[in-house]
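Here is a friendly walk through one protein chain, from its overall make-up down to a few single residues. Have a look at the sequence and the model, and then read on.

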Amino acid sequence: MSPKIYTRTGDAGDTGLFGGGRVSKGDLRVEAYGTVDELNASLGWAASKVNQQEIKDYIEAVQDDLFVIGADLATSPPTEGRPRPKVPILTKSRIGEIESWIDKADDELPGLTAFVLPGGSEGAAALHMARTICRRAERAVVRLGAHGEVSNGVIPYLNRISDLLFTLARLENHRVGISDREWSSPDR
(Lines give C-alpha, C1' and ligand atoms only; values in the text may rest on other atoms or scores of the structure.)
Protein backbone atom coordinates (compact mmCIF):
# COMPACT_ATOMS: atom_id res chain seq x y z
CA MET A 1 0.00 0.00 0.00
CA SER A 2 1.38 3.39 -0.95
CA PRO A 3 1.59 6.21 1.61
CA LYS A 4 -1.36 8.56 1.80
CA ILE A 5 -1.11 11.97 0.16
CA TYR A 6 -2.38 13.68 3.30
CA THR A 7 -0.31 13.82 6.48
CA ARG A 8 -2.42 16.15 8.63
CA THR A 9 0.81 17.79 9.83
CA GLY A 10 -0.21 21.14 8.32
CA ASP A 11 -3.70 21.24 9.79
CA ALA A 12 -2.67 23.91 12.30
CA GLY A 13 -1.46 26.26 9.56
CA ASP A 14 2.24 25.43 9.51
CA THR A 15 4.42 23.41 7.16
CA GLY A 16 7.78 21.69 7.16
CA LEU A 17 10.79 22.95 5.26
CA PHE A 18 13.28 20.70 3.52
CA GLY A 19 16.14 20.18 5.93
CA GLY A 20 14.04 20.62 9.05
CA GLY A 21 12.10 23.25 10.82
CA ARG A 22 8.48 24.34 10.54
CA VAL A 23 7.07 27.72 9.53
CA SER A 24 3.66 29.29 9.15
CA LYS A 25 1.99 28.71 5.79
CA GLY A 26 1.84 32.51 5.67
CA ASP A 27 5.65 32.79 5.90
CA LEU A 28 7.45 34.74 3.15
CA ARG A 29 9.41 31.61 2.22
CA VAL A 30 6.22 29.59 1.72
CA GLU A 31 4.68 32.45 -0.27
CA ALA A 32 7.75 32.54 -2.52
CA TYR A 33 7.99 28.82 -3.30
CA GLY A 34 4.21 28.53 -3.51
CA THR A 35 4.06 31.26 -6.16
CA VAL A 36 6.90 29.58 -8.08
CA ASP A 37 4.83 26.38 -7.96
CA GLU A 38 1.81 28.31 -9.26
CA LEU A 39 3.96 29.64 -12.10
CA ASN A 40 5.03 26.09 -12.91
CA ALA A 41 1.42 24.92 -13.02
CA SER A 42 0.43 27.83 -15.26
CA LEU A 43 3.26 26.88 -17.62
CA GLY A 44 1.92 23.33 -17.80
CA TRP A 45 -1.42 24.80 -18.84
CA ALA A 46 0.28 27.12 -21.36
CA ALA A 47 2.18 24.17 -22.88
CA SER A 48 -1.15 22.44 -23.49
CA LYS A 49 -2.37 25.50 -25.42
CA VAL A 50 0.59 26.48 -27.63
CA ASN A 51 0.87 25.14 -31.16
CA GLN A 52 4.65 25.32 -31.60
CA GLN A 53 6.79 22.39 -30.41
CA GLU A 54 9.83 24.65 -30.01
CA ILE A 55 7.86 26.82 -27.56
CA LYS A 56 6.68 23.71 -25.69
CA ASP A 57 10.31 22.60 -25.39
CA TYR A 58 11.30 25.95 -23.89
CA ILE A 59 8.38 25.76 -21.45
CA GLU A 60 9.34 22.26 -20.32
CA ALA A 61 12.94 23.34 -19.73
CA VAL A 62 11.72 26.29 -17.64
CA GLN A 63 9.43 23.97 -15.66
CA ASP A 64 12.43 21.80 -14.76
CA ASP A 65 14.31 24.91 -13.66
CA LEU A 66 11.37 26.05 -11.54
CA PHE A 67 11.46 22.75 -9.65
CA VAL A 68 15.10 23.48 -8.82
CA ILE A 69 14.18 27.01 -7.68
CA GLY A 70 11.22 25.71 -5.66
CA ALA A 71 13.41 23.17 -3.87
CA ASP A 72 15.98 25.85 -3.14
CA LEU A 73 13.35 28.22 -1.74
CA ALA A 74 11.71 25.43 0.31
CA THR A 75 14.99 24.55 2.00
CA SER A 76 15.46 25.78 5.53
CA PRO A 77 18.27 28.28 6.05
CA PRO A 78 21.20 27.13 8.19
CA THR A 79 20.89 27.48 11.93
CA GLU A 80 23.30 26.88 14.74
CA GLY A 81 23.89 23.15 14.80
CA ARG A 82 22.02 22.51 11.52
CA PRO A 83 23.70 23.25 8.20
CA ARG A 84 21.61 24.00 5.14
CA PRO A 85 21.04 20.80 3.16
CA LYS A 86 22.51 20.68 -0.33
CA VAL A 87 19.99 21.17 -3.10
CA PRO A 88 20.61 21.77 -6.80
CA ILE A 89 20.95 25.41 -7.80
CA LEU A 90 20.78 27.12 -11.18
CA THR A 91 24.05 28.21 -12.69
CA LYS A 92 24.64 31.71 -14.06
CA SER A 93 25.12 30.18 -17.50
CA ARG A 94 21.44 29.20 -17.47
CA ILE A 95 20.43 32.87 -17.56
CA GLY A 96 22.66 33.34 -20.62
CA GLU A 97 20.95 30.38 -22.28
CA ILE A 98 17.52 31.93 -21.58
CA GLU A 99 18.74 35.19 -23.11
CA SER A 100 19.81 33.32 -26.25
CA TRP A 101 16.29 31.83 -26.52
CA ILE A 102 14.81 35.34 -26.23
CA ASP A 103 17.20 36.70 -28.86
CA LYS A 104 16.44 33.84 -31.26
CA ALA A 105 12.69 34.38 -30.94
CA ASP A 106 13.02 38.15 -31.12
CA ASP A 107 14.97 37.88 -34.39
CA GLU A 108 11.87 36.34 -35.98
CA LEU A 109 9.44 38.97 -34.69
CA PRO A 110 8.55 42.41 -35.99
CA GLY A 111 10.02 45.20 -33.87
CA LEU A 112 8.06 46.65 -30.98
CA THR A 113 6.66 50.13 -31.57
CA ALA A 114 4.03 50.20 -28.81
CA PHE A 115 2.95 48.35 -25.69
CA VAL A 116 1.44 44.95 -26.49
CA LEU A 117 -1.82 43.93 -24.86
CA PRO A 118 -2.00 40.34 -23.59
CA GLY A 119 -4.01 38.01 -25.77
CA GLY A 120 -4.24 36.63 -29.26
CA SER A 121 -4.24 32.87 -29.62
CA GLU A 122 -5.07 30.61 -26.68
CA GLY A 123 -1.40 29.69 -26.37
CA ALA A 124 -0.23 33.30 -26.37
CA ALA A 125 -2.89 34.30 -23.83
CA ALA A 126 -1.79 31.42 -21.57
CA LEU A 127 1.84 32.53 -21.87
CA HIS A 128 0.88 36.10 -20.97
CA MET A 129 -0.98 34.78 -17.91
CA ALA A 130 2.11 32.78 -16.90
CA ARG A 131 4.21 35.94 -17.39
CA THR A 132 2.08 37.85 -14.87
CA ILE A 133 2.37 34.99 -12.38
CA CYS A 134 6.13 35.01 -12.96
CA ARG A 135 6.24 38.71 -12.05
CA ARG A 136 4.30 37.94 -8.85
CA ALA A 137 6.73 35.11 -8.03
CA GLU A 138 9.61 37.51 -8.59
CA ARG A 139 8.06 40.04 -6.18
CA ALA A 140 7.55 37.30 -3.55
CA VAL A 141 11.16 36.17 -3.87
CA VAL A 142 12.41 39.76 -3.63
CA ARG A 143 10.40 40.20 -0.39
CA LEU A 144 11.90 36.98 0.96
CA GLY A 145 15.37 38.12 -0.07
CA ALA A 146 14.95 41.30 1.97
CA HIS A 147 14.36 39.18 5.09
CA GLY A 148 16.15 35.92 4.44
CA GLU A 149 18.41 33.88 2.28
CA VAL A 150 17.75 33.62 -1.46
CA SER A 151 20.31 32.08 -3.81
CA ASN A 152 22.02 34.62 -6.07
CA GLY A 153 20.62 33.54 -9.42
CA VAL A 154 16.95 33.17 -8.51
CA ILE A 155 15.79 36.78 -8.90
CA PRO A 156 17.64 37.42 -12.19
CA TYR A 157 16.34 34.08 -13.50
CA LEU A 158 12.71 34.94 -12.75
CA ASN A 159 13.19 38.38 -14.26
CA ARG A 160 14.53 36.82 -17.46
CA ILE A 161 11.77 34.20 -17.57
CA SER A 162 9.08 36.88 -17.61
CA ASP A 163 10.89 38.42 -20.61
CA LEU A 164 11.03 34.99 -22.25
CA LEU A 165 7.32 34.40 -21.70
CA PHE A 166 6.42 37.78 -23.20
CA THR A 167 8.58 37.03 -26.24
CA LEU A 168 7.22 33.47 -26.60
CA ALA A 169 3.64 34.79 -26.46
CA ARG A 170 4.45 37.16 -29.32
CA LEU A 171 6.18 34.34 -31.21
CA GLU A 172 3.20 32.01 -30.78
CA ASN A 173 0.87 34.68 -32.17
CA HIS A 174 3.27 35.48 -35.01
CA ARG A 175 3.61 31.84 -36.07
CA VAL A 176 -0.14 31.22 -36.07
CA GLY A 177 -0.77 34.42 -38.01
CA ILE A 178 -2.24 36.64 -35.30
CA SER A 179 -0.87 40.18 -35.01
CA ASP A 180 -0.01 41.64 -31.63
CA ARG A 181 -2.74 43.94 -30.39
CA GLU A 182 -0.98 47.19 -29.59
CA TRP A 183 -2.22 49.47 -26.84
CA SER A 184 -3.45 52.80 -28.05
CA SER A 185 -3.48 55.73 -25.65
CA PRO A 186 -6.97 57.26 -25.31
CA ASP A 187 -5.50 60.68 -26.08
CA ARG A 188 -4.16 59.64 -29.51
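Let us begin with contacts, meaning residues with heavy atoms within 4.5 Å of each other. Among the contacts between residues at least 6 apart in sequence, 72% join residues at least 24 apart. Please keep in mind that this is a predicted model, in which local features need pLDDT of at least 70 and side-chain atom pairs count only at pLDDT 80 or more, while totals for chains, interfaces and linings use all residues. Residues are numbered from 1 along each chain as its sequence is written, and side-chain values use heavy atoms, with hydrogens and water left out.

**The chain as a whole**

The chain has five helices and four strands; these are DSSP runs numbered from the N terminus, with helices being H or I of at least four residues and strands E of at least two. Read from the N terminus, the order is β-β-α-α-α-β-α-α-β. Along the principal axes, the C-alpha atoms fill a box of roughly 60 × 40 × 35 Å.

Of the 188 residues in the chain, 40% are buried. Here buried stands for under 20% relative accessible area, exposed for over 50%, and partly exposed for values in between (1.4 Å probe, protein chains only).

**The nonpolar core**

Which residues touch the most other members of the largest nonpolar core? In this core of 46 residues, they are Leu 39, Leu 66, Leu 73, Leu 127 and Tyr 157. Two or more core residues come from each of α1 (28-49), α2, α3 (92-108), α4 (122-147) and α5 (154-175), and α4 gives the largest share, ten residues. A nonpolar core is a set of buried Ala, Val, Leu, Ile, Met, Phe, Trp, Tyr and Cys residues joined through side-chain atoms within 4.5 Å. Leaving aside neighbours within four places in sequence, Leu 39 is in contact with Leu 66, Ala 130, Ile 133, Cys 134, Leu 158 and Leu 165.

**Some single residues**

| Residue | Relative accessible area | Class |
|---|---|---|
| Asp 65 | 7% | buried |
| Met 129 | 46% | partly exposed |
| Gly 120 | 53% | exposed |

Asp 65 is found in helix α2. Beyond its neighbours within four places in sequence, Asp 65 is in contact with Leu 90, Arg 94 and Tyr 157.

Gln 63 is also placed in helix α2 (residues 53-73). The side chain of Gln 63 makes a polar contact with the side chain of Asn 40 at 3.1 Å. A polar contact is a pair of N or O atoms within 3.5 Å; within protein, one must be able to donate a hydrogen and the other to accept it, and residues adjacent in sequence count only if both atoms are side-chain atoms.

Gly 120 lies in the loop between β3 (116-117) and α4. Not counting residues up to four places away in sequence, Gly 120 touches Asn 173 and Ile 178.
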